[in-house]
Amino acid sequence: MSKRNEEDVQNIVIATDSENDSDFIPLITDEDEDILLAADVPETLPILPLRNTVLFPGVIIPISVGRNKSIKLIRESYKKSKIIGAVAQKDPTNDAPGFNDLYSIGTVAQILRILEMPDGSTSVIIQGKRRICLDSPEKEDPYLVAKVHQLPDGKPKKKKDSEFEAIVGSLKDLSLRIIKLSSNIPPEASFAVKNIESSTFLINFISSNSDIKLSDKQRLLEEDDLKKRGVALLEYLVKEVQLLELKNDIQSKVRLEVDQQQREFMLHQQMKTIQDELGGNPMEQEIEELRGKGAKMKWDTNVAEVFNKEVDKLQRLNPASGEYSVQLNYIQTLLDLPWNRYTKDNFNLTRAKNILEKDHFGLEKVKDRILEHLAVLKLKGDLKSPILCLYGPPGVGKTSLGKSIARALNRRYIRMSLGGVHDEAEIRGHRKTYVGAMPGRVVQSIKKVKSANPVFVLDEIDKVGRDLHGDPSSALLEVLDPEQNSTFYDNYLELEFDLSKIMFIATANVTNTIHPALLDRMELIDVSGYIVEEKIEIARRHLIPRNLYDHGLKKNQLIIPKKSLEFLIENYTRESGVRLLDKALAKLARMIARKVALEEKYNTTLSPETIRELLGYPKFQRDKYQGNDYAGVVTGLAWTSVGGEILFVETSVSKGKGKLTLTGNLGDVMKESAVIALEYIKSHSELLGLNAEIFENWNLHVHVPEGAIPKDGPSAGVTMATSIASALTQRKVKGRVAMTGEITLRGKVLPVGGIKEKILAAKRADIKEIILSVENRKDIEEINQVYLKGLEFHYVENILEVLNIALLEEKVSKPVVLS
């Protein structure tokens, strides 16, 4: 149903004065309709152009008259017959419509009343009578007068047409539905629709008041067949109902959302009132507590701004939402971090030296470098110097050195194991948008110690992995670069954190697996193994007292003399460090603790024999020097991950065609060394007094014992050359001589590494003389003289010098005659 334009048409509900009720026909019965249809229609009628509306027979409408011609027409007609023709104009914007500007079909209308409005305008109430057709204009001044003829009413011929009745019933139902759905139509309209008895008037009434276009209304008026007019109107009403239902559905959804928000707001207000009565809102108290903690923090301005912004965001969130806990965790992390919070350093270097000496026996070079580092820190006040990287075999005390440094400086201590770390997020953290996000391990460790200048040990840095999640070594570049780590960026914090005051110490077993760029940022300090004497002292000072305490024993309940410790070290451990020794002592302590608990009698002083009884047969048999009775057997020196070892190279000769056989699980480099050694001996056979035909008639077999153990590296080159030369010449090798060094095809002896470990292995094997490259002299000079006691060193440049020192003129007993 429609709401008419106020400029042209007044409200449909007509209020009448009681004294003039007889002038109105609000509801029309069939009898009333017959009276209307029986009225004669004049041949000529003054025509009133209607703008924005169409008048249907029987319908009463108010219209506002504003044009001079229209006002004159109304006033003159009202004084005479009160009958006029009401026809809609085609263009509503045309202020002076002529005959051709009007539709051809209109309605005979009776003027019921003229109303003079307070604003000076004129309104008129008219009622449609019958449909007419305009034939031709009679005159256009002072207003339009035209010839007309009436049109049939179009009623069904059958008195009882069930289809027509169904159409009328549907129209009534749809009209009532529209009145109910539309907020623009007063509910009183449904009363009018329900009480209309005339089918024709019902169709005209609904057509007039429906919210359909003017052109569609005109088409309805022009339809002669009332049944067809009803069907066409039914189509319009169905569309209107659908639009209204869709509109109401949309408005209902919006209203529900608004109502829900209003409901939540009211509930929150009620909760706030209740909480205020009970002593305050816990959420507000928590927010205020966070702000109070933030005000006490010593952070930079930009961090403070981020903190306040995040707290404001938290305040706007619903505590029941999942995002609330994520936001609260982030804010708590910001508060827990030690922004610009430092411990006071103790720069008493004498005290630091005493602590290092007390905690670690030996490692003089390492302790000196640490003291130099602390001295620079004391004088300069910052740590923009290379990061220390302590590398060496397991169990030599690399990690525990970090603890001693922290104690010496009076700083907090952090140890972060990097073994197996393969995700960059472990270092930099995850973005807080991820579920379960947290800061990287660097920031987490700093948060745990609550200090921004701890001693930070990056343990096992050589065992960092990499996969599809990124390369942690690349993330560590920023951590360990003094020029960058003052603005370390953690993905979770999304803020820069200053790591420049932290003293980083890295530890590793080997350096070849460390990222080259990372290795370049660190100062490497070799923490080599201990000699037997050092291990004995470490056991007496540290390991034995700790194991006695850990196992509830008193000092007089377990005594291990020096000789017994040496036996234990030599026969039950094979390592550069003291980890296996500690385990062996712990096992002894457990066995003694059991005897004490059972109150059994035992010898409190452990002898080597007692240790053998408790620990069983020795696990390791140290390779000892085996003499020089056999030609081709030479002692070499090797480096392993657990320290130095001696190895024997054996060469035998047999009749054949000059074939060289290599056994002992040798790697490619070691095999190449054997081939180079043989070729050098061949090319210098005259100097050694060898017949060149020997190499064509005798096979050589070079073997390195313990074939189950893989062996590789170039340092056995001089040993193989000496072994082959001894086998071919059948000359004895000088007694208690060991050697190490790489060789070239020209016979040059090149330097090798692991010198200290090799020297320790030589001393354990009762070697007295060592042959090595002249370029290794610098390595010997850096070693403490304690390790060199009882050893004689021969520095050589080529293989001939090695052979002159190592081979005696004396031949072995029962030499093989080679010809």
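The structure holds 36 salt bridges, a salt bridge being a side-chain nitrogen of Lys or Arg within 4 Å of a carboxyl oxygen of Asp or Glu. Side chains of opposite charge can pair when their charged atoms come close. This is a predicted model, in which local features need pLDDT of at least 70 and side-chain atom pairs count only at pLDDT 80 or more, while totals for chains, interfaces and linings use all residues. Residues are numbered from 1 along each chain as its sequence is written, and side-chain values use heavy atoms, with hydrogens and water left out.

**Salt bridges**

- Asp 312 forms a salt bridge with Arg 291, and the closest N and O atoms of the two are 2.6 Å apart.
- Asp 312 lies in helix H9 (residues 301-316) and Arg 291 in helix H8 (residues 282-296), so this pair ties together parts that are 21 residues apart in sequence; helices (H or I, at least four residues) and strands (E, at least two) are DSSP runs, numbered from the N terminus.
- Asp 312 is partly exposed at 31% relative accessibility, and Arg 291 is also partly exposed, with a relative accessible area of 24%; here buried means under 20% relative accessible area, exposed means over 50%, and partly exposed is in between (1.4 Å probe, protein chains only).
- Arg 541 and Glu 537 meet through their side chains in a salt bridge of 3.5 Å, N to O, and because they are four residues apart in helix H18 (residues 532-550), about one helical turn separates them.
- Arg 541 is partly exposed, its relative accessible area being 45%.
- Lys 595 and Glu 600 form a salt bridge with their side chains at 3.9 Å, N to O; Lys 595 counts as partly exposed at 24% relative accessibility, and Glu 600 is partly exposed at 38%.
- Glu 357, Glu 364 and Lys 367 are linked in a network of salt bridges.

**Overall form**

- The secondary structure of the protein comes to 28 helices and 24 strands.
- The radius of gyration of the protein is 56 Å, well over the 28 Å that the globule rule gives for 819 residues, so the protein is more spread out than a compact globule; this radius is taken over C-alpha atoms, and the globule rule is 2.2 Å times the number of residues to the power 0.38.
- Taken along the principal axes, the C-alpha atoms fill a box of roughly 165 × 75 × 55 Å.
- Of the 819 residues in the protein, 48% are buried.

**A positive surface patch**

- Lys 298, Arg 341, Arg 412 and Lys 450 form a positive surface patch; patches are made of residues with over 30% relative accessible area and no salt bridge, with like charges joined within 9 Å and nonpolar side chains (Val, Leu, Ile, Met, Phe, Trp, Tyr) within 5 Å.
- Arg 412 sits in the loop between helix H13 (398-409) and strand E8 (413-417), and this residue is partly exposed, with a relative accessible area of 38%.

**Distances along and across the chain**

- Glu 188 is found in helix H4 (residues 188-194) and is exposed, with a relative accessible area of 52%.
- Glu 188 and Gln 285 are 97 residues apart along the chain, and their C-alpha atoms are separated by 57 Å.
- Val 435 is placed in the loop between helix H14 (425-428) and helix H15 (441-449), where it is exposed, with a relative accessible area of 87%.
- Val 435 and Val 326 are 109 residues apart along the chain, and their C-alpha atoms are separated by 8.7 Å.

Key:
Accessible areas come from the Shrake-Rupley method with a 1.4 Å probe; for residues, only the protein chains shown count as cover. Lys and Arg count as positive and Asp and Glu as negative; His and the chain ends are not counted. The place of a charge is taken as NZ of Lys, CZ of Arg, CG of Asp or CD of Glu.
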